[in-house]
Amino acid sequence: MSLDLVYLDHAATTPMRPEAVRAMLPFLTEVFANPSGSHRFARQARQSIDEARDVVAEIIGCKPGEIVFTGCGTESDNTAITGVIRRSPGVAVCSAAEHHAVLHCVEHSGGTVVGVDANGTIDLEALQLVLGPKVSSVSVMAVNNETGAISDLVAVSKMVRRYAPNAVLHTDAVQAPCWLDLRTLWPLVDTMALSAHKFGGPKGVGILVVREGKYFEPLVLGGGQERDRRSGTHNVGGIVAAAEALRITDAERPHEVVRISALRDQLFAGLLAIEGARRTIPSESSVPGVVHVCLQGIESESLLYLLDEAMICASAASACASGAMEPSHVLAAMGLTPDLTTGALRLSLGHTTTESDVDRAIVAITEAVSRIRTVQDRGRQAG
Ligand code: PLP
């Protein structure tokens, strides 16, 4: 990364851990065999996948056989929802603040979207009202990708087991591994989606954890890899690197949570000194890695343009393929009015974030807001 760049978009993707890159390299060069083959070279590749599976299973607290390697977090979510309702037809339910990888599956199936509270986590009373014997899938994300809000999965799990005992409870935990111990989440749910590029692994490697005895229709059919649950030649190096990244993330989490919480507080203090800046949700409800504010009277698009000029990488809402700014469905579901949501700013911190990044971001954002307001004032005076 350029020395000048301040990268505060770790929730979109975080740089690969150097150890994960090193673990991946041999599979891009000499260890190139297809792990589905029968010769010794293929068996060597297959063994590397098995070892990676063991590492991932240990960190999640699940059985190795419960891990399904996929192509991304989106595929893991799609499989957990669409694959489950194809196998056990019924109603799919999710919260209104889910990532589109979940929301679009539930909407596409004609399912039910449940509202959220002011912190952006599922409204438990509203959830209870829609649960029942016809519900076959319930999805509630562990950590929201825009605001960093942490869901109360203990309460959700209790409620789903009681009022929709036949439902498969899924959590999109794509934003969780850097901040939450996955061993505490896994016992609460039946399926869980992860994505390697959010915790220092490569892009294009997803993980779906599926509790033994829970079934889904595979979405990708073919050679029967992953015990017929996800066909397609394995991305061996990607899987090995994902396991290494998850191992380091898990080992460093206690220290990183403390370090990043301090940087988060420092960043909030700087941003809240800007007139019209509002914290979107309280820090206690969020993971340390996400700083989300709404800047009244400011358009995110102009702000991000100026920040980009100042070499600060930030985001307004979750990134989408076109790069276009769409109003955030998460903030709208939380009941935030357009005068606030148009000025949404998400700064997300991660393993490479330093105090100097935070200092530079505060200066750049303060200056950019001031420049936008000066232009607005001039416009008003002229008009
Ligand atoms: N779920 C959440 C919460 C995410 O933040 C993302 C990525 O932004 C995804 C799912 C999709 O993951 P992937 O980029 O691996 O498809």
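Arg 211 lies over the face of Trp 186, 4.1 Å from the ring centre. Arg 279 does likewise with Phe 268: its charged end sits over the ring, 4.1 Å from the centre. The cut-off here is NZ of Lys or CZ of Arg within 6 Å of the ring centre and within 35 degrees of the ring normal.

A quick word on the ground rules. This is a predicted model, where local features need pLDDT of at least 70, side-chain atom pairs count only at pLDDT 80 or more, and totals for chains, interfaces and linings use all residues. Residues are numbered from 1 along each chain as its sequence is written, and side-chain values use heavy atoms, with hydrogens and water left out.

Now the aromatic pairs (Phe, Tyr and six-membered Trp rings with centres within 6.5 Å; planes under 30 degrees apart are stacked, over 60 edge-to-face, the rest tilted). The count comes to one aromatic pair. Phe 32 and Phe 41 have ring centres 5.0 Å apart and planes at 90°, so the pair is edge-to-face. Phe 32 counts as exposed at 60% relative accessibility, while Phe 41, at 26%, counts as partly exposed. (Buried is under 20% relative accessible area, exposed over 50%, partly exposed in between, with a 1.4 Å probe and protein chains only.)

On to the ligand: 13 residues surround it, the closest being Gly 73, Thr 74, Asp 172, Ser 195 and Lys 198. That takes a heavy atom within 4 Å. Some side-chain polar contacts (N or O pairs within 3.5 Å) are these:

| Side chain | Ligand atom | Distance |
|---|---|---|
| Asp 172 | nitrogen | 2.6 Å |
| Gln 175 | oxygen | 2.8 Å |
| Lys 198 | oxygen | 2.6 Å |

Lys 198 turns up again at the largest cavity, whose 23 lining residues have Cys 178, Trp 179, Lys 198, Leu 349 and Gly 350 nearest its centre. That cavity has a volume of about 200 Å³. On a 1 Å grid over the protein atoms alone, a cavity is a set of points where a 1.4 Å probe fits but cannot get out; a pocket is an open set with protein on both sides within 12 Å along at least five of seven lines, and lining residues have an atom within 4 Å of a point.

The second largest pocket has a volume of about 280 Å³. Its lining divides into four nonpolar, two polar and nine charged residues.

Technical notes
Grid points are joined across faces, edges and corners, and a volume is the space filled by probe spheres set on the points. Ala, Val, Leu, Ile, Met, Phe, Trp, Tyr, Cys and Pro count as nonpolar, Asp, Glu, Lys and Arg as charged, and the others, Gly among them, as polar. A polar contact is a pair of N or O atoms within 3.5 Å; within protein, one must be able to donate a hydrogen and the other to accept it, and residues adjacent in sequence count only if both atoms are side-chain atoms.
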